[in-house]
Amino acid sequence: MSGHNKWSTIKHKKGAADAKRGKIFTKIIKEITVAAKLGGGDPDGNPRLRTAIDKAKGENMPKDNVERAIKKGVGGLEGTTYEETTYEGYGPGGTAVLVEVMTDNRNRTVSEVRSIFTKCNGNMGESGCVSWLFDKKGLLVFPKSIDFDKLFEASIEAGADDVTDEEEQYEVLTDPTAFHLVKTALEAAGFKAESAEITMIPQTMVKLDGKNAENMLKLMDRMEDNDDVQNVYANFDISEEEMEKMM
């Protein structure tokens, strides 16, 4: 199981996804607010906002919550101002970890993030220490029940960079600027993604087992549990056999 997009699968296997639904809503509302503030409240002219709204719909977030977050972002409602930043560091076994945050108190957040790294046998690094190991990409995930050859043909025709057959799913990778075009074209061709997001894909993977694997999952879990953390990316690879030992 590789860290770039299988973390969600691990969470489902651990039964943690539903328990954190409230936190997911909070993070999406933050993203919608900041996206609207930076790029305006019209999703047709603001790709980042459109992605956030699609994510909200995927989590069945009430429409009122979405509209309120957009209003807040464009200045229609008073509220907290969030600052965006990314922290970098090393996880167990020398893994590379990127932590994207939105915070109203940078001092509090950096202290909490550093503490999570330390407690999970990792350490926080300088800006730029591991970000060069990741590429920003659009990622669409499809179930194995669909026809791979048809998906491949439609994806390449729509402008995707690559289509791969993974263990549990098919994955379509795009340039971030082509993400919405590819997604829309595939939907029009009858292919609905199970998940669609702009993400960070690691160039190399680090295999983990035993205590390192256990600490890595603990680190990912604690980072995601932090209210200021929006996204966590890491280049760990944990085998199915190792996962079964830890479940």
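Q: What makes up the span of residues 82-236, and how far apart are its end C-alpha atoms?
A: In this predicted model, the span of residues 82-236 is 33% helix and 35% strand, and its end C-alpha atoms lie 30 Å apart; helices (H or I, at least four residues) and strands (E, at least two) are DSSP runs, numbered from the N terminus. The UniProt annotation "domain: TACO1/YebC-like second and third", from an unreviewed entry, covers these residues, although such annotations may be inferred rather than shown by experiment, with positions given in the numbering used here and feature names shortened.

Q: Why is Asn226 called buried?
A: Buried means under 20% relative accessible area, exposed over 50%, and partly exposed in between (1.4 Å probe, protein chains only); Asn226 has 10% relative accessibility, so Asn226 counts as buried.

Q: Which residues is Asn226 in contact with, leaving aside its neighbours within four places in sequence?
A: Asn226, which lies in the loop between helix H8 (210-225) and strand E9 (229-234), is in contact with Lys27, Glu112 and Ile116, where contact means heavy atoms within 4.5 Å.

Q: How do you know that the buried residues of H7 line one face of the helix?
A: In helix H7 (residues 179-188), Phe179, His180, Val182, Lys183 and Leu186 are buried. Seen down the axis, they fall within an arc of 165° (that of the directions from the helix axis to the C-beta atoms), so they line one face of H7. On the other side of H7, Leu181 and Ala188 are exposed.

Residues are numbered from 1 along each chain as its sequence is written. Local features need pLDDT of at least 70, side-chain atom pairs count only at pLDDT 80 or more, totals for chains, interfaces and linings use all residues, and side-chain values use heavy atoms, with hydrogens and water left out.
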